[in-house]
Amino acid sequence: MILGSGGMIIYKEEVLQRLEKVSKKYGTLLLVDEVFTGFGRTGSFFAYQRAKIRPDLVAMAKGLSAGAAAIAATLTTDKIHSAFVAPEPEKGFYHGHTMTGNPIACSAALASIELLLTEGYLEQVARLEFKLRVGLKKIAEEYPKAVRDCRVLGAVGVLELEVGNESGYNYSGNRILKKKFLEKGVLLRPLGNVIYITPPYNIKNSSLEKVFSAIRETLSEISYGN
């Protein structure tokens, strides 16, 4: 649904549906990476649910504990799981590491999931998506020479800057953007020429407006004009 570190590119649901059809056609497993998109970030509990597909494996982390503790997990189907469940050592899947099943991390994950399901956070994401669309679209309209594209999905807002023939991912002004945002008290980490916002679901309006203002001021300061 979203290609994260590759530039925050948002794909249509039909793309995932086509991938599912191809995987079924050739008998391959469909793995979806929900490390960034899982637990409400795109507006549904998992991004793949928006596309109404059924993956064979789901990788998750980050939102699993809301960032409170380091934890990751992999979900799979009963069919795949049963292939590794056997009393014979040669058939078992003996995999583990030092921090497996950390009780503190697991407790944080359980508490985070309970809050997500009972405190109306998915509804907050829907409201936040609207605010991001309005706020970022307004900035794009104010700085048409600076902004190449504006895109939003759930609690992910993106402004892709115009950099001419320069490689977007290796945009030379990236460090300048980071520095200016920090000077304004806002922590943003642009990916090349892509400014993206992934705020907490319960961010205050005043805090979100501060982010929008920092982006406006920065675009003005790097001589884009309006």
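1. Helix α7 (205-221) lies across strands β6, β7 and β8 and runs at about 165° to β8. Helix α5 (residues 121-142) lies across β6, β7 and β8 as well, at about 175° to β6. Contact here means heavy atoms within 4.5 Å. Axes are lines fitted to C-alpha atoms, for helices over the stretch in contact, with angles from 0 to 180 degrees between N-to-C directions. Helices (H or I, at least four residues) and strands (E, at least two) are DSSP runs, numbered from the N terminus.

2. The model is predicted: local features need pLDDT of at least 70, side-chain atom pairs count only at pLDDT 80 or more, and totals for chains, interfaces and linings use all residues. Residues are numbered from 1 along each chain as its sequence is written, and side-chain values use heavy atoms, with hydrogens and water left out.

3. The sheet under these helices is open, with three strands in the order β6-β7-β8 and antiparallel pairing. Two strands count as paired if DSSP finds at least two bridges between them. Its edge strands are β6 (147-153) and β8, each pairing on one side only. Neighbouring strands are turned by 10° against each other on average, direction ignored. Six bridges join β6 to β7 (residues 156-161) in the antiparallel sense, and Cys150 stands opposite Leu159 in β7.

4. Another open sheet has three strands in the order β3-β4-β5, with mixed pairing. Here the edge strands are β3 (31-33) and β5 (73-76), and each pairs on one side only. Strand β4 (residues 57-60) and β5 run antiparallel and are joined by four bridges. Among the paired residues, Met60 has Ala73 of β5 as its bridge partner.

5. The chain is divided into domain 1 (2-119) and domain 2 (121-221), with bounds from an automatic or database domain assignment. Their C-alpha centres lie 27 Å apart. The contact takes 20 residues from domain 1 and 18 residues from domain 2.

6. The largest pocket holds about 830 Å³ of space. On a 1 Å grid over the protein atoms alone, a pocket is an open set of points where a 1.4 Å probe fits, with protein on both sides within 12 Å along at least five of seven lines; lining residues have an atom within 4 Å of a point. Grid points are joined across faces, edges and corners, and the volume is the space filled by probe spheres set on the points.

7. The lining of the largest pocket has 33 residues, and Arg41, Thr198, Pro199, Pro200 and Tyr201 lie nearest its centre. Domain 1 and domain 2 each supply at least three residues of this lining. Helix α7 gives the most, with four residues. α4 (103-118), β8 (194-197) and α7 each supply at least two. By class there are 20 nonpolar, nine polar and four charged residues, where Ala, Val, Leu, Ile, Met, Phe, Trp, Tyr, Cys and Pro count as nonpolar, Asp, Glu, Lys and Arg as charged, and the others, Gly among them, as polar.

8. The second largest pocket holds about 640 Å³ of space. It is lined by 23 residues, with Ala72, Ala73, Thr74, His95 and His97 closest to its centre. β5, α3 (78-82) and α4 each supply at least two residues of this lining. Its classes are 14 nonpolar, nine polar and no charged residues.
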